[in-house]
Amino acid sequence: MEVRAKKSLGQHFLTDQSVAQNIVAALVLPQDSLTDVLEVGPGMGVLSQYLFQRPEVSLKMVEIDRESVDYLLSHFEKADGAVIEADFLKMRLDNFFKGEFCVIGNFPYNISSQIFFKILDHKNSVPQVVCMIQKEVAERIAEKPGTKTYGILSVLLQAWYDIEYLFSVGEGAFAPPPKVKSAVIRLTRNSRKELGCNESLFKVVVKTAFGQRRKTLRNALKPLILDKAGREGWDDAALESFTSREVFSLRAERLSVEDFIALTLSLS
């Protein structure tokens, strides 16, 4: 029995066993205790088989594809009780994990950004993520300020995680082969407990700034600046004084996480 790759689910099954072993090995866990691990989109279990071999891993797998669920249950004895048939983006993670858990998976490329946003919503419960995603997205997430690829996900993820670009994977490692190259990255929760600014506003500032990334922040953030001016009751002179700050002459790609925090505080 083989699982048919479904285009609607963005399925490209990893077939290279050495790549699978390297992905699983990239998950760094303490050897003297049991760690809860959630695999997103196990498919036919190419990663699962090696995760089951690690005695320090307590594995759960979330899979939306019924055909894949049936395959896992019929091919892996340990899959019974470990497979959750659900949509990761919609599932209530706290129904399955009461404490911390790590995330691993070959993420479907068409929803990888949404997966990361969900992980961010649970950042205080997810200390580590190891995943394979589209190479272009991996480079963007790991990128530093000052480049064209640095963007929304770069800032939001780097605010809470240290990002490591581990290795690239060619199209031939999959069936069917994707039209893009892939890469494996590791996210490790950093020591930041809080941003020191309004977190919701921080997200709005970052998304608004990169929404018109070719414009200077003075223009890209105009709605937020005018909202601040209205709340503060500024006249034209006060508004001009505020927007004359050097940061507003820059574009979003020039700002670090700390710069965005400072910018958010100024717009609060």
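**Reading the sheet and its helices**

Reader: Let's start with a pair of residues: which residue in β4 is the bridge partner of E63?

Author: In β4, E63 has E85 as its bridge partner. Strands pair if DSSP finds at least two bridges between them, and β3 and β4 (residues 83–85) clear that with three bridges, running parallel. Strands (E, at least two residues) and helices (H or I, at least four) are DSSP runs, numbered from the N terminus. Keep in mind that this is a predicted model, where local features need pLDDT of at least 70, side-chain atom pairs count only at pLDDT 80 or more, and totals for chains, interfaces and linings use all residues. Residues are numbered from 1 along each chain as its sequence is written, and side-chain values use heavy atoms, leaving out hydrogens and water.

Reader: What is the strand order of the sheet?

Author: Seven strands form an open sheet with mixed pairing, in the order β4-β3-β2-β5-β6-β9-β7. β4 and β7 are the edge strands, each with a single partner, so one side of each has no neighbour in the sheet. From one strand to the next, the twist averages 20 degrees.

Reader: Take β3. Which way does β2 run against it, parallel or antiparallel?

Author: Parallel: β2 (residues 35–40) is joined to β3 by six bridges. To find your place there, look for V37, whose bridge partner in β3 is L59. As for burial, five of the seven residues of β3 (residues 57–63) are buried (under 20% relative accessible area; exposed is over 50%, partly exposed in between, with a 1.4 Å probe and protein chains only). The rest of the structure therefore largely encloses β3.

Reader: And how many residues of β9 are buried?

Author: Seven of the eight residues of β9 (residues 182–189) are buried, so this strand is also largely enclosed by the rest of the structure. On one side, seven bridges join β9 to β6 (residues 128–134) in an antiparallel run. Follow V130, which stands opposite R186 in β9, then C131, whose bridge partner in β9 is I185. β7 (residues 161–169) also pairs with β9 in the antiparallel sense, over eight bridges, and there S168 stands opposite A183.

Reader: Which strands does helix α5 lie across?

Author: α5 (residues 135–142) lies across β6, β7 and β9, at about 135 degrees to β6. Helix α3 (residues 66–75) lies across β3 and β4, at about 160 degrees to β4. Angles run from 0 to 180 degrees between N-to-C directions, with axes fitted to C-alpha atoms, for helices over the stretch in contact (heavy atoms within 4.5 Å).

Reader: How do I read the sides of a helix, say α9? Which of its residues are buried?

Author: With 3.6 residues a turn, residues three or four places apart in an α-helix point the same way. In α9 (residues 222–232), the buried ones are L224, I225, K228 and A229. They span an arc (taken from the axis-to-C-beta directions) of only 140 degrees, which puts them on the same side of α9. Exposed P223 and G230 sit on the face turned away from that buried side. The cover over the buried residues includes α7, α8 (217–220), α10 (236–243) and α11. Just after α9, G233 has a positive phi of about 70 degrees.

Reader: At what angle do α7 and α11 pack?

Author: Look for about 110 degrees between α7 (residues 199–211) and α11 (residues 257–267), with the axes 9 Å apart. The contact involves L201, F202, V205, V206, A209 and F210 of α7, and V257, F260, I261, L263, T264 and L267 of α11.
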